[in-house]
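Open the model in your viewer and keep the sequence panel beside it. The stops below tell you what to select and what to look for.

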Amino acid sequence: MPETKKFLYVNRKAPYGTIYALEALEVVLIGAAFEQDVSLAFLDDGVYQITKGQDTKGIGMKNFSPTYKALGDYDVNKIYVEQESLDARGLTLDDLLPLTWEDEDDDWAEKDSIKVISAAEMAKIMEQSDVVFSF
Amino acid sequence: MKFSVMISEGPYTHQASDTAYNFTKAALEDGHECFRIFFYHDGVNNGTRLASPPQDDRNIINRWSALAKEYALDLVLCVAAAQRRGIADADEAKRNGKNADNIAPGFRISGLGQLIEAGIQSDRLITFGD
């Protein structure tokens with residue numbers, strides 16, 4: 001078995017307009033099978049990827065935001081959102097999808113996956129990661 | 001040091017592939033080991049043999065093929081990204097009912113697991129994108 005590394009997926013771009021968000025999510029879902037220590041970060045326009053109420057009818061693209069809700073089932077439950085990016089866009093935690101996971105060590109209690117953190121804290125998480133993918 | 005590279009942009013429109021090439025060549029010449037070069041997003045367009053750039057310009061695709069031959073590099077195009085963008089080898093063309101393939105020499109098509117594996121196996125994974 002290979003060693004376990006800390007993987008961080010940094011999502012910086014809006015969900016539509018470019019394909020980066022969708023293809024980043026595809027990497028996360030495949031990567032979940034490798035039993036590594038996985039974290040996701042959402043900053044800049046990337047915070048829009050996990051906003052509630054996305055409606056893509058007008059642009060003829062698939063709304064893939066429901067897929068983020070499955071991340072908890074893939075044991076991807078460390079999701080960091082940068083406070084400054086939310087503030088700059090007039091968003092709060094209430095505007096984001098309620099992403100949760102079930103903790104099998106705590107009688108399958110449902111817990112929040114999202115942590116809103118400062119840019120300085122985000123920098124620390126990046127520094128502590130072994131492999132950083134930036135999308 | 002053992003390194004891998006991810007390239008996220010296609011040739012010519014962005015400098016990503018040029019810079020990745022220069023980095024990879026320099027690192028190999030310096031004695032470092034390259035585990036894998038993974039092409040994702042529009043980066044898969046670096047692997048078409050049908051590109052015909054002007055004679056007086058660099059040929060980004062041929063340059064990768066030559067470097068792969070010289071150093072036995074593993075050039076991998078993401079299969080999902082390649083299918084979207086019309087990059088196929090003979091097997092992929094057959095599987096998807098297409099009458100032609102266009103993959104350049106030295107490249108192969110495989111899954112995203114190859115990217116994750118590169119992250120696990122390498123000391124460093126360097127991304128070249130927009």
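**Stop 1: an exposed glutamate**

Select E3(A), which counts as exposed because it has 8 C-beta neighbours inside 10 Å. The cut-off for exposed is 12 or fewer. Keep in mind that you are looking at a predicted model. E3(A) sits in the segment before β1 of chain A.

**Stop 2: helix α1 of chain A**

Select residues 20–31 of chain A, which form helix α1. How far apart are the end C-alpha atoms of this helix? They are 16 Å apart. That agrees with expectation, because twelve residues at 1.5 Å a residue should span 16 Å.

Next, colour the buried residues of α1(A): Y20(A), A21(A), A24(A), L25(A), V27(A), V28(A) and G31(A). They cover an arc of only 155° around the axis, so they lie on the same side of α1(A). Look down the helix axis to check this.

What covers these buried residues of α1(A)? Show β1 (6–11), β2 (37–42) and β7 (131–134) of chain A, which are among the covering elements. Then show α5 (113–121) of chain B, which is also included in the cover.

**Stop 3: where the chains touch**

Stay with the contact between the chains. Chain A brings 15 residues to it, and chain B brings 14 residues. On the side of chain A that touches chain B, α1 and β7 of chain A each supply at least two residues. The most comes from α1(A), with six residues. Colour this side of chain A by residue type: nine residues are nonpolar, three are polar and three are charged.

**Stop 4: chain B as a whole**

Chain B has five helices and five strands.

Colour by burial: 43% of the 130 residues of chain B count as buried.

Finish with the contacts in chain B. Among those with a separation of 6 or more, 75% join residues 24 or more positions apart.

Methods
Residues numbered from 1 in each chain as written. Chains lettered and ligands numbered in written order. Predicted model: local features only at pLDDT ≥ 70, side-chain atom pairs only at ≥ 80, totals over all residues. Helix = DSSP H or I, 4+ residues; strand = E, 2+ residues; numbered from the N terminus. Expected span 1.5 Å × (residues − 1). Buried ≥ 20, exposed ≤ 12 C-beta atoms within 10 Å, placed from the backbone. Arc of directions from axis to C-beta. Contact = placed C-beta atoms within 7 Å. Nonpolar A, V, L, I, M, F, W, Y, C, P; charged D, E, K, R; others polar.
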